There are 2 protein chains.
Amino acid sequence: MVTSRASSATAEAPLRSALDRFFAPRSVALVGATEGSSRFGGRCLGRMIEFGYAGTIFPINPRFQELRGLTCYASLADLPQVPDHVGVVVPAEAVLGVLNECADIGVPFATVFTGGFAESGGDKGRAMQAEIGRLARDRGLRVMGPNCNGVINFRDGFAMTTTATIAGVRKPAGNIAVVSQSGGVGQVNTMWRAQAAGLGVSYEVSCGNSVDLDVIDFLDFMIDDEETKVILMVVEHIPSGPRLAAAAHRAAEREKPIVMLKLGRTEEGGRAAASHTGALAASDVVVDAALRQLGIIRVNDTSELYEQAMLLRTRRWPRGNRIATTTPSGGNAVLLVDLGAANGFTWPDYQPQTRQRLAECLPKLGSATNPTDVTNVAIGRADIYSACFDAMAADDNIDTIVPIFTMSASGDLQAASEAARSIDKPVALLWTGGCTDNPSLAARDVAATGVPVFTETMACVRALGGLKRYGDFLRRRQSSPSASRPANADPAAAKRALAGGGSVHTERVSRDVLAAYGLPRLPGGLATSADEAAALAAQYKAPVVLKIESPDIPHKTEAGGVRIGLSTPDAVREAFDEIMGSAAAYKPGAVLNGVLVQPVAPAGLDMIIGLTNDPTFGPVIVTGIGGIHVEVMRDLAYRVAPVSADEARAMLRELKAYALLEGVRGAKPRDIDALVDAIVRVSWLGHDLKDEIVELDINPIRVGAAGEGVWVLDALVSTAERGA
Amino acid sequence: MVTSRASSATAEAPLRSALDRFFAPRSVALVGATEGSSRFGGRCLGRMIEFGYAGTIFPINPRFQELRGLTCYASLADLPQVPDHVGVVVPAEAVLGVLNECADIGVPFATVFTGGFAESGGDKGRAMQAEIGRLARDRGLRVMGPNCNGVINFRDGFAMTTTATIAGVRKPAGNIAVVSQSGGVGQVNTMWRAQAAGLGVSYEVSCGNSVDLDVIDFLDFMIDDEETKVILMVVEHIPSGPRLAAAAHRAAEREKPIVMLKLGRTEEGGRAAASHTGALAASDVVVDAALRQLGIIRVNDTSELYEQAMLLRTRRWPRGNRIATTTPSGGNAVLLVDLGAANGFTWPDYQPQTRQRLAECLPKLGSATNPTDVTNVAIGRADIYSACFDAMAADDNIDTIVPIFTMSASGDLQAASEAARSIDKPVALLWTGGCTDNPSLAARDVAATGVPVFTETMACVRALGGLKRYGDFLRRRQSSPSASRPANADPAAAKRALAGGGSVHTERVSRDVLAAYGLPRLPGGLATSADEAAALAAQYKAPVVLKIESPDIPHKTEAGGVRIGLSTPDAVREAFDEIMGSAAAYKPGAVLNGVLVQPVAPAGLDMIIGLTNDPTFGPVIVTGIGGIHVEVMRDLAYRVAPVSADEARAMLRELKAYALLEGVRGAKPRDIDALVDAIVRVSWLGHDLKDEIVELDINPIRVGAAGEGVWVLDALVSTAERGA
């Protein structure tokens, strides 16, 4: 998929502008249109007309002369002009023929609603879908679907879909776009509910099986669309990590946030992985890490999509985590601070001039603490909100303002909304109750004026958290250097080290590969006899470790192939013989190269660094504390490779075990800089040799005290099978 | 607080029935009633009348003859009869005088609305509040408040409060009670929003500073109330663990669920704890554990309170985690299964007879898989819901039914609601969209018919999780034996071991205390000279460990007071001298009893067991993997002591590190039974000696392979200061 995409990459810039004709066609044909509304083709035609589409509609159905007052044509070939977009609602077996007709007359875009392909049609369905994909590539027809529920364009008034969510008066266009594979989740849970919450939508597209046009194509279009300020995505399958990354970078340049609900989390999480590091890099943790790296806000439910959009659409990025709150209810302030603090927010003291200004506008207030209790002073004094918010907006201690309302007068809510619009710091109203003088006034009415408003504390805090992370992402993006290849990283040398041998490489080869990227290695040599082993040991003037070297024995300890702390020549000789014997007994017929002799490493903290090749995102680097932590505690941090030193440092800070690197209970701090450097180097190795390295596992890398460095104590590289 | 309560425990059974007069008084006086509605006393009087209270109201205010058509009295002494309940809305300084007047004429209940006491009145406010507490105790007047917002009784039509949430037509009474300290959070976020979601409320009470009547008193009343089926609590401070436990046990007997939002989570979590184990047992994790033990469902936000009640009020307890789902939207099913699986739910295959029945009622369906796609077959076929639900209810593979609706016809929703009511397994409708033929129909209308309905997937899954845990709790409660004191637990011997010495006891004393409760100990003896040490070592025929014994040196390693693996008499003698020297240098003037000599313990997994005395819940036991896990990974499990063997085993299963006890990667399984026994014994020690032991820390307890047992390698007991 990625490869076939890459070959047509040059065509993508035109595509996203060409999609104008997809979303706002001058004329549309609907193949399979029919009468009434009980069948799909009839409902779809009805919705298009009722939605107020102003272009030309060509119903296609040989059984009718006319449908809903429109001339009906027997086939696409009969049309008086080439439509910009053709909808296809014919049986699965007939779809390919219709698409060929589209290509014959030069139609640029087709949407296939019909189901029964890869999603439920078995082998035959999959084969038919593959045919559609080939047709799209070969004949230049761009196809959405199959098994999709079409497109809605509130800006230009075009809808080709059956969804009941657009029945009735057309809702006003807004600045939030929805891109979804699922029709129900995109149209109902996300678009319809966002509109019910007072938000406006620019476009909704439900692209189904995505045989050709996919969520990233539509994302690309939304990034360029001037009116769209926030893009909400519901994605079952990310078609390509690199394409998503390219789109996300363009979105970040425009400061246009992307919020994504990624379905299939648990299915993927539970997917059994064959190999050891493969099991660690379960896909969903990679998705999590990759989306964070790209500044894409990942959410868990559709409600979070539009709640997040509620704040993001104002395009005010907070500078930090410091909130000012006004409240008529002490308990509500406690609840907000409680949930806020658990999510990293603080309510700092105001600056002196702010306290002064608040005291002036809230004369009954003893002291202007934060949260600021406005009980008995704010009621009926709507003017105080602009004074309070102005003072808070001018306070350098405050990044975001969250006024609380419970049962409130409409005048107060209106005054607060106006005050919120007039300043430039982010404001989120938390309105947990109703309106005292106008019971029908609801949060959606406040939201419709453009002001973020939440009715639940946790939802408010969660959305503020996403906003904060996005602001952090934009700042980090501007200030941090991007990852650059470290000195002494020699891809050619690494490839030479991997040349020859099978797909699983010995510890010694693996260390050579790492050394080619500048990772420090302990001295050591291969002994093929007990005497050689003793001679090597004598060089090191220290106790030594002996380890079997065999491409057939990746797990040396299990094979009785490791002996540590040998101090005398006799002990070394004896150990050599024992190891060779154990290994031969463990795996008769295994190729035994000999025994690796190394000095015992200095004391330190054992960590792991691993690489896997994720099918979506490519090379992924993982690090964590070694030993039982890897498998039992799962205290691991992931990133798509390569990473900068800043990013590597952020990975380490994510670990619960970071305290051990800093030094707990009087223990010496570890050499974090050297570990960061090692992570960066391994990440570049993964990036540069992504076509060779399937998996790499440094376990452990020993981290000395600050200034002492790190040592690779064991490493294992797996490469692709020859010819695979 | 606990102690003073305990002495009046005999009065509690009558209190909860006496509270009838508090919630449904025959007559009420309001001291501080006034005209209009701009002031508190006027609003409160107005709400009471508008709510339709049918009893006698006595406004008390010397400035008026009449208020709102009611005779107004100058003082309580002037009343023609003794009111059942007196509301107090006078300035803080005047409150005590009014309460004395209440007591003078024999009023049973008073509610003090006035603020400015402990919550904001400084030292003077705290002192005045303490006076009210003394008056309540001394004169038998039961007082709610101060700084509260009163009571609402929808069943009998009595409200004494100012909240705007009850303005307008009185809402019908329901089966959900709300007990809150905060007025705003209880009345607005919980009660009003529950009603807005279609639920009915029986009582709401906001008890403020809780100087006398507190949340547990009101909880007790609600447990006895026949109409109340679910109790929602918003609690800032749990007044007493033992009283809460007693109430929770009564509630469990009646299968009446309690759902609690505990505020102040982060404040408590961040509270610095002076001592080591104290820091581990941060209060909030104890609250978490204690509430779980008591079957109280803890939630994080007020919305979760009524969402949880939505399901619990039907009193259908699922037998397990297996869900059946019908859906018109594939994407919505994926979202539900995704979030459900992450929360422990499964969607198993139907039994053959269910598949048969579903195929009969859904003829177009190829195969009746779960989730069951009803696209294109269910629309306009409302009858299918009763057939489907009946079949699913009869299926032994299914515990709970969750039908999904998106944009749906009112007839379908009605048919599904009726079908849901007619079966006895739990049903939760997940309705993510709107109604196609009646746009004003909303989830609240379905909920008002008694059927659980959710509009957000995550909220649905979360509430199902709470329901499942409550069902598990009820079953476990019936089937498990309660904790009983193990054999060979000798409180007197433990107390004797602690007699003498200061508040921090030596390892040897600590082991004697543990031995009194039957914990196995390694052999060992105290040596006061190098020769004695060597003689002791010779007895053990194995390498030995030497450790300094000093009541002044709790952390022996830091003092250079530990030497391990000594195999020869000379090594033992030399180590003795070194240890004594190091210890003397580390802490000049420390009392050095000598050196403890013990054989090296067998290999095993090092765990910790600790005890703390929680101010609310009393003795709390904690366990986890030793070493860095304690402080860095925080992989710990807590319970209020004592615990049964089942509960101790559940603690271990909670640990991420449980896999290590079971044996990972070919490692031998550990002696979990012996560890469970040790936890039970320590928990009883904590329970029995709660007045003596402030803290106990076994670090580590070494766990041998299955059948080998456990060994206490180090232990430290702290007791209360003499005279403290």
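This is a predicted model: local features need pLDDT of at least 70, side-chain atom pairs count only at pLDDT 80 or more; totals for chains, interfaces and linings use all residues.
Modeller: Residues are numbered from 1 along each chain as its sequence is written, chains are lettered from A and ligands numbered from 1 in the order in which they are written, and side-chain values use heavy atoms, with hydrogens and water left out.

Colleague: How are chain A and chain B related by a turn and a shift along the axis?

Modeller: Chain A can be laid on chain B with an RMSD of 0.1 Å by a turn of 180° and a shift of 0.0 Å along the axis. That is the relation of a two-fold axis. The same surface serves both copies, since 100% of the contact residues of chain A recur in chain B; contact means heavy atoms within 4.5 Å. The copies are superposed by least squares on the C-alpha atoms of residues with pLDDT of at least 70 in both. Of the residues of chain A, Met633(A) comes closest to the rotation axis, at 4.1 Å for its C-alpha.

Colleague: Why does Arg250(B) count as buried?

Modeller: Buried means under 20% relative accessible area, exposed over 50%, and partly exposed in between, for a 1.4 Å probe and protein chains only. Arg250(B) has 13% relative accessibility and therefore counts as buried. Arg250(B) lies in helix H8 (residues 241-253) of chain B; helices (H or I, at least four residues) and strands (E, at least two) are DSSP runs, numbered from the N terminus. Leaving aside neighbours within four places in sequence, the contacts of Arg250(B) are Arg16(B), Asp220(B), Ile223(B) and Asp224(B).

Colleague: What makes Leu305(A) buried?

Modeller: Its relative accessible area is 0%, so Leu305(A) is buried. Leu305(A) belongs to helix H12 (residues 302-312) of chain A. Beyond its neighbours within four places in sequence, Leu305(A) touches residues including Thr190(A), Leu232(A) and Val259(A).

Colleague: Why is strand E2 of chain A described as largely enclosed by the rest of the structure?

Modeller: Strand E2 (residues 56-60) of chain A has 4 of its 5 residues buried, so the strand is largely enclosed. E2(A) runs parallel to strand E1 (residues 27-31) of chain A, and 5 bridges join them; two strands pair if DSSP finds at least two bridges between them. Across this pairing, Val28(A) stands opposite Ile57(A).

Colleague: How do you know that the buried residues of helix H19 of chain B are on the same side?

Modeller: In H19 (residues 491-498) of chain B, the buried residues are Ala493(B), Ala494(B) and Leu498(B). They cover an arc of only 140° around the axis, which puts them on the same side of H19(B). The arc is that of the directions from the helix axis to the C-beta atoms.

Colleague: What makes strand E23 of chain A mostly covered?

Modeller: Strand E23 (residues 544-549) of chain A has 6 of its 6 residues buried. Val544(A), Leu546(A) and Ile548(A) point one way, and Val545(A), Lys547(A) and Glu549(A) the other way.
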